[in-house]
Amino acid sequence: MSIKVLEQFLPENALPYLKIWFGSYPCHLKITKNRNSKLGDYRKLPDKSHQITVNGTLEPQLFFFVLTHELAHLIAFEKYGRRISPHGAEWKQTFREMLLESLTVYAEDLRPIIQKFSKSPKANFMASPELVKYFHVPEEDELLYLESLIVGDVFVLKNKVFVIEETTKKRYLCRNLKSGLKYKVNTLAQVRKIDDQYEKQ
């Protein structure tokens, strides 16, 4: 993707930071059409290059925020190795540093919200009510990573309702509320959290 094309999606003065962060990493940046399920994602490809996708309909400041989130994955994995947790301490530290480094890119009224978020970056954008409110993102359209939920939380995955019974680093033990069967679900599965009163009905 050309820099001129990318600049169309970015807030003013964001490009210098991206040039530094991307560095010499081989990365394929894809701008996608509107996706209700996610704002962006990162993956390492079989040829050892990287791929980042970002929702192209996002407002420029949110586009830059999401791109920073995904780039933090790339940089953290390259710096600390592939065995780190995708949203663990190493990623949080990397994302925090990048947010604070680029703080002046954001509007003055958004900066305090970014600073607050940076103290303990969350895996999912929706974990920050202040950011959701600022960007007017409808909460019902955004999925959560399973790892952001806790024991007792109820969620929907592939149109089936589950409750979390046990948590481990990579997989959560979850019970299907209809069948009673238990499954181990990857912590990076994207789910929709629902009211835990569902189980009591």
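Residues are numbered from 1 along each chain as its sequence is written.

The mean pLDDT (the predictor's confidence in each residue, from 0 to 100) is 87 for the protein, and 91% of its residues reach 70 or more. Where pLDDT is low, the predicted coordinates should not be read in detail.

Three strands form an open sheet in the order β1-β3-β2, with mixed pairing; two strands pair if DSSP finds at least two bridges between them. The edge strands, β1 (27-32) and β2 (40-44), each pair on one side only. Neighbouring strands of this sheet are turned by 15° against each other on average, direction ignored; axes are lines fitted to C-alpha atoms, for helices over the stretch in contact, and angles run from 0 to 180 degrees between N-to-C directions. β1 runs parallel to β3 (residues 50-55), to which six bridges join it. Lys 30 stands opposite Thr 53 in β3. Helix α3 (residues 60-80) packs on the sheet and touches β1, β2 and β3, its direction making about 165° with that of β3.

In helix α2 (residues 15-22), the buried residues (under 20% relative accessible area, with exposed over 50% and partly exposed in between, for a 1.4 Å probe and protein chains only) are Leu 15, Tyr 17, Leu 18, Trp 21 and Phe 22. These residues lie on the same side of α2 because they cover an arc of only 155° around the axis, the arc being that of the directions from the helix axis to the C-beta atoms. Lys 19 and Ile 20, on the other side of α2, are exposed. The cover over the buried residues of α2 includes α1 (3-7), β1, α3 and α4. Gly 23, which follows α2, has a positive phi near 50°.

Strand β9 (residues 190-194) pairs with β4 in the antiparallel sense over two bridges, and Val 191 in β9 is the bridge partner of Leu 144. Strand β5 (residues 154-157) also pairs with β9 in the antiparallel sense, over three bridges.

Notes: Predicted model: local features only at pLDDT ≥ 70, side-chain atom pairs only at ≥ 80, totals over all residues. Heavy atoms only, no water. Helix = DSSP H or I, 4+ residues; strand = E, 2+ residues; numbered from the N terminus. Contact = heavy atoms within 4.5 Å.
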